[in-house]
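Subject: Structure for your review

Dear colleague,

Please find below the structure that I am handing over to you, together with its sequence. My notes on what was found follow it.

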Amino acid sequence: MAVSITLNDDRSEKIRYNYPGYPIYMREALLSQYPEYRAPSHWHDDIEFICVLSGGMKYNINGEIVNLKKGEGIFVNSGQMHSGFSDDGQECGFLCLLFHPMLLCSVFPYENDFVTPLIQNSRTPYLLLCPEQAPAAAWQQEILSRLRLLYRNRNSHTAPLRALSSFALIWSLLLEHAPADTAKGKWQSQDLTIVKNMTGFIQKNYRKKISLAEIASSGAVGQSKCCRLFARYFSQSPNEYLNHYRLSKSLDLLHNTDMSVTEIALSVGFGGASYFAETFRKRMGISPTEFRRQDQ
């Protein structure tokens, strides 16, 4: 099943939580469910954890790329631009779990003393969880084990309560082992804010014809800096990012609607069906019609 992303008014990802009233999300996925084995880069206020179950992938956090293999995982802090991908089409099975920090903020002292210091730690946009690498093996293995257990018990009546308990323990381990912050108050760079504004503009307006000048203007930068930032954060040009995002939205429509290929092409911003089909085949290896038939 194809994966799509929707946005809040502040252009962060709108999370479709598993449990009404509880900001918790758990999902098992395959990297092949995304165009070119690459999830669209995005951000959200929620804390994200990835646990790799099989294969491996690369993970991009604010332009820094790390390798993840089976048995490993990653913690991605609130507000960071991130995505998983494979350059060579290697399959990867993984768990994705998200928790909103508000879960831990029942009273102000918890938020002030324990939650905010880690969220705003400029040295902790992410932490790798590699349990085979001593001396960190014990606490990182504890985090990964609890995340996998939470997913296995996701259908339990008490799953949200279990998640709250485990998230509190996981947070304490992260807080205890995160590097000391040496730049308090500077936890988000100006460039990251610019990138969020530009990608948010694309994600809000992908159905329309968008120029490089408009993308750059949404970040209040020149076109050359716009291109440099997309290359640095995504290893893509602005136009490549735009087409990839349009393609990711088309997968959802091919899977969940009876719209024609032409209707889908126009609705996601491609100029026509032929260019859409050409781009789709180049990046997915099959035509839109074949994908729809295969996905049924």
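Which residue in S3 is the bridge partner of asparagine 60? The partner is isoleucine 65. Please keep in mind throughout that this is a predicted model.

The two strands

Strand S2 (47–61) and strand S3 (residues 64–69) pair in the antiparallel sense, over six bridges. Together S2 and S3 make a hairpin, with two residues between them. In the turn, asparagine 62 has a positive phi of about 55°.

Helix H6

Helix H6 covers residues 223–234, which is twelve residues. The buried residues of H6 are Cys226, Leu229, Phe230, Tyr233 and Phe234. Viewed down the axis of H6, these buried residues fall within an arc of 100°, and therefore they line one face of the helix.

What does the buried face of H6 pack against? Its buried residues pack against strand S2, helix H4 (190–205), helix H5 (212–218) and helix H7 (238–256). Phenylalanine 234 illustrates this packing: leaving aside residues up to four places away in sequence, Phe234 touches Arg38, Ser41, Asn60, Met81, Val195, Thr199, Leu229 and Tyr241. Just after H6, serine 235 takes a positive phi of about 55°.

In soluble globular proteins, nonpolar side chains tend to be buried together. The largest nonpolar core here has 33 residues, and those that touch the most other members are Met198, Ile215, Cys226, Phe230, Phe234, Phe276 and Phe280. Two or more residues of this core come from each of H4, H5, H6, H7, helix H8 (261–267) and helix H9 (273–284). H7 gives the most, with seven residues. A second, separate core has 31 residues, including Met26, Val115, Tyr151 and Ile170.

A buried asparagine

Is asparagine 205 buried or exposed? Asparagine 205 has a relative accessible area of 15%, and because the cut-off for buried is under 20%, this residue counts as buried. Asparagine 205 lies in helix H4, and its side chain reaches the backbone oxygen of phenylalanine 201 at 2.8 Å.

Yours sincerely,
A colleague

Notes
Residues numbered from 1 in each chain as written. Predicted model: local features only at pLDDT ≥ 70, side-chain atom pairs only at ≥ 80, totals over all residues. Heavy atoms only, no water. Helix = DSSP H or I, 4+ residues; strand = E, 2+ residues; numbered from the N terminus. Expected span 1.5 Å × (residues − 1). Buried < 20%, exposed > 50% of the residue type's maximum accessible area, 1.4 Å probe, protein only. Arc of directions from axis to C-beta. Contact = heavy atoms within 4.5 Å. Core = buried A, V, L, I, M, F, W, Y, C linked by side-chain atoms within 4.5 Å. Pairing = 2+ DSSP bridges. Polar contact = N/O pair within 3.5 Å; in protein donor to acceptor, adjacent residues only side chain to side chain.
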